[in-house]
Amino acid sequence: MSKPAERKDSVWSLGDGAPEETEKRDDSQRSTLFVEKPQSGSVTVGGNITFIAKVEAKDLLRKPNVKWFKGKWMDLASKAGKHLQLKESFERHTKIHTFEMHIIQAKENYAGNYRCEVSYKDKFDSCSFDLEVTESSQAAPSIDIRSAFKRSGDGQEDAGELDFSGLLKRREVKQQEEEPEIDVWELLKNANPSEYEKIAFQYGITDLRGMLKRLKRMRREVKKSAAFAKGLDPAYQVDKGGKVRFMVELADPTVELKWYKNGQEIRPSAKYIFEHKGNQRILFINNCTMTDDARYYVTAGDEKCSTELFVRDPPILVTKGLEDTSTYVGERVELSCEVSEDDANVKWFRNGVELPNDPKSRYRIKVEGKKHTLIIEEAAKNDNATYSVMTTGGQSEAKLSVELRPLKISLALEDQTVRLGQEIHLKCEISENVQGKWYKNGQLVEASDRVKLYHKGRIHRFVIASAAVDDEGEYMFVPDAYNINIPCKVHVVDPPKLHLDGLGENNTVTVVAGSKLRLEIPITGEPTPKVMWSKGDKMITDSGRIRAETYPDSSCLVIDTAEREDSGPFRITLKNEAGEDTALINIKVVDVPDPPQAPNVTEVGEDCCVMTWEPPANDGGSPILGYFIERKKKQSSRWMRLNFELCKETTFEPKKMIEGVAYEVRVFAVNAIGISKPSMPSKSFVPLAVTSPPTLLAVDSVTDTSVTMKWRPPDHIGAAGLDGYVVEYCFEGNGFSQGISTDESEELMEPPFNLEADEWIVANPELTDKTKFTINGLPTGSKILVRVKAVNAAGESEPRYHPQPILVKEVIEPPKIRLPRHLKQTYTRRVGETVNLVIPFQGRPRAKVSWQKNGSPIDKNQINIRNTENDTIIFIRKAERSHSGEYDMKVEVENLEDKATIDIQIVDRPGPPEVVTIEDVWGENVNLSWKPPKDDGNAAITGYTIQKADKKSMEWFTVIEHYHRTSATINELIIGNEYYFRVFAENMCGLSEDATMTKESALIAKDGKVYKYPVYDDFDFSERPLFTQPLVNTFAVAGYNATLNCSVRGNPKPKITWLKNKVIIMNDPRYRMFSNQGVCTLEIRKPSPYDGGTYTCKAVNELGEAEVDCKLEVKVTQ
């Protein structure tokens, strides 16, 4: 039976449908997210089908959003259930999202166009695909025009053509229950355009565009029905060779009528017969063929009416059916049948599923005229099924039974024992040429680069070129499709071996004393060898400080706390049934060196010293790399390192020490392991330096037998201090040079002559701490040269030389008093102060000093006089006014003398003025007068101070200060008040202790009126505490004082208490509290973050209490 001819012009669509389809196709081509799109497919009624879409997640941060649609509007996520399942998965290695739509037990109305949309942020991709649902062999057809509108293609150019082959195929099948006939045309006519797709999906119409195009044309024809009283039906159907009748009824029978087929006018002939019955015009088409399957229309004037004619082939009958067949696996199978016509269209099914006629399929279909044969070259077990053949007019089915042949083992596998690295070769032979699988310990073994599996005919081989330990186990070969297995065992053996590649030279392992050694030695051998450790004759067990731990692939020697005694060779021995292996491993325990001996300080300088030491007796098994040196102050416990690079020598010079401070030093030895313990500290030492030479060496006095020298201390003494001085001299004639300086003011540090050290005579065997010394026992008339040295703990300084020789002969110096400038005027002191006057003088020899007061000798019980060779001192411990007067001083040297006079005035505060009287009172004024005081305090009166007091309160207020006269007028007094007045006298020492007050009071009255004093009740000033200014939250900086301020009032005066975090602050030196005129201040000295918190100021008196608080936060500067 031939297939109806396909026509390109039968594609029905709406006018704007094509561009939409093209646009959709273009979007699909511009895919940006899909890496695999769902493809169109077909399924029989009741069958299952899966559509798969894949999206690459390489550039996506999260899972994309995927939706499945049917048609344009139906979201299938809401339809998931028994017949529709949506699944998704993600492969981490390939980074691919897989989305699947499973249709289960498909129905006819599942057919149609589907769409998958994927979106991620601003990216979007869409793909359309079609599903075709075909009737199974058991489905009963009902000839329905709607079935003709299912697409015959899979979205290609011919999609939408009417395919009546499905209707023809269903004619010979058993009728299924008929559903009520529904006129889809009526539904579409009466529905809104937005419901077209819903109706098409509900009633299984897949060629919706074709139907809508016809509907549009039908509606257009209805509008243009003026010429036709009755038009053609939308479609006509006829069997091949049959006759069809087209009839229209005209409104006007005189109108000329023309018939057309695919646009070509039909002329009357034997095939096309025209009839006229009244207003009816009839066209008969006889002996219809497939070429008559076309579009027809009739025109009446300018109007047109069209229809479609569908021609279908007659059914093909099965004249000889299929027969049940039984065979063995691997045999050739042929299932044959015969049909009623040659080269008919026949479809083959396996368990109701159509078999594809594909050259790559294992099923081959052979057609010889009316005979059709299904061929299976090599039958398999899974070919057991019911096979059927179906034509348009009938069907036939048969069962195929494929059995296995009995299997015999010709050569079984044998157990093997192989050495490590040798080949494992397993071989077996069975009676059938079937595939099989190899298993090891129950796990499937796949072929790989290492494992080779061979199958040739009935022989199966398993080969591993190089056996490994893991290859040991139970192997088994299982032929496919047979419930039988062929087992064997493989045993892999390997002689024991120690792997010492990771050890050092001579298998030496170095470990630091005190640390834990865990020496792991890899071992191999199959079966696992027995391990034994020993040191000398002593075996090492698996417990204790030194122990051995054994594992399947290694052995460990463990020393928990390594000691130097652990050094030496350790032996490890391996044994198993394949042999043994042994090795010596040298353990070397190294440690930090012993500390050196205490260092010796050999030299000491002003800020440095030189120290030496001996290397440590034991270097810890590793050469000494150098030394670290530390020092500390003797009274301190903090050591400071002096070198950060190792000192390679055993001598070091510490520097930058503080002179005069006692220090100690110590040494650390360093090797590759670490730093030793410190040595014992050295003996304490003090960096010292001699002083600079004394200064200003000069002759103080000379007698006939002595010379007195004086000098000043050295400019630089240093931390060692000054113990004293050494005075040395030598006589003239012991090497004086001729160029002696005559400038007595010149100081010499180098001698002006050449003398040996032993020619100088020490004048003072014991050090003198004074800066003056007398050299006695000198011959009169001799000349000497003098030098002085300063001495401290570091030794003697450089000498200071007198620039000229000194003649030992007394010289008379006339007396002269050098009166200080402040004593040339009157020397004034207050009563009770100390008087201490030093008056220097000159005069030699043996000057005599005498004192007189006001021409009379001084009473030494009241005034102390002390004389020296160069000055005289007058001392009064507590001066009195009687000590005032003129003091005469006289200095005498033999017949010569010098005099000086000193005026001493001892002053005190004056007495009060004499009687103070009120001379006159007028208006608001009072005139006072008084007499100067009798006692002026031994100093002139400089002024007076006048005060007034109201008679009621008697509180004194100063009116005038520093007033020089003895009479004054007091102004601006208050009328009605009565006043008393008093006067103080004033000199250079201050006001008089007492004042003289007026005996009478002065009443300030207004003439003509008597002032009546009002009576006032006493005002109650009592008040409970009240803070008028609260505390304010404050931020403070650590290390800088902070203050908190507030103000409070209350009567009686409240008691102020400060609290921190509700705890009273008491006796804490870090806080200072002030209260002045109601202003309360808390000072926090150099606060730290610890001082942060809530501070409270609390005021309490007998009437109540009040408090304010604030928060203080202390910030630490970075």
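The exercises below, each with a worked solution, concern a predicted model.

**Exercise 1.** Find which strands stand at the edges of the open sheet of four strands, and explain why one side of each is left without a neighbour.

Solution. Start with the strand order, which is β1-β3-β7-β6, with antiparallel pairing. Next, look at the two ends: β1 (34-36) and β6 (84-91) each have a single partner strand, so one side of each lacks a neighbour in the sheet. Then take the pair β3 (residues 49-56) and β7 (residues 96-103), which is joined over eight bridges in the antiparallel sense. Here alanine 53 stands opposite phenylalanine 99 in β7.

**Exercise 2.** Classify the ring pair of tyrosine 114 and phenylalanine 129: what is its geometry?

Solution. The ring centres are 5.9 Å apart, and a pair requires centres within 6.5 Å. The planes stand at 15 degrees, and planes under 30 degrees apart count as stacked. The pair is therefore stacked. As for location, tyrosine 114 is in strand β8 (residues 112-120) and phenylalanine 129 in strand β9 (residues 123-134).

**Exercise 3.** Decide whether tyrosine 114 is buried or exposed, and do likewise for phenylalanine 129.

Solution. Buried means under 20% relative accessible area. Tyrosine 114 has 4%, so this residue is buried. Phenylalanine 129 has 2%, so this residue is buried.

**Exercise 4.** Classify the ring pair of phenylalanine 246 and tyrosine 296.

Solution. The centres are 5.3 Å apart and the planes stand at 55 degrees. Stacked applies under 30 degrees and edge-to-face over 60, so this pair is tilted. Phenylalanine 246 belongs to strand β12 (residues 244-250) and tyrosine 296 to strand β17 (residues 295-300), so the pair ties together parts 50 residues apart in sequence.

Note on methods. Residues are numbered from 1 along each chain as its sequence is written. This is a predicted model: local features need pLDDT of at least 70, side-chain atom pairs count only at pLDDT 80 or more; totals for chains, interfaces and linings use all residues. Side-chain values use heavy atoms; hydrogens and water are left out. Two strands pair if DSSP finds at least two bridges between them. Rings of Phe, Tyr and Trp (its six-membered ring) pair if their centres lie within 6.5 Å; planes under 30 degrees apart count as stacked, over 60 as edge-to-face and the rest as tilted. Buried means under 20% relative accessible area, exposed over 50%, partly exposed in between (1.4 Å probe, protein chains only).
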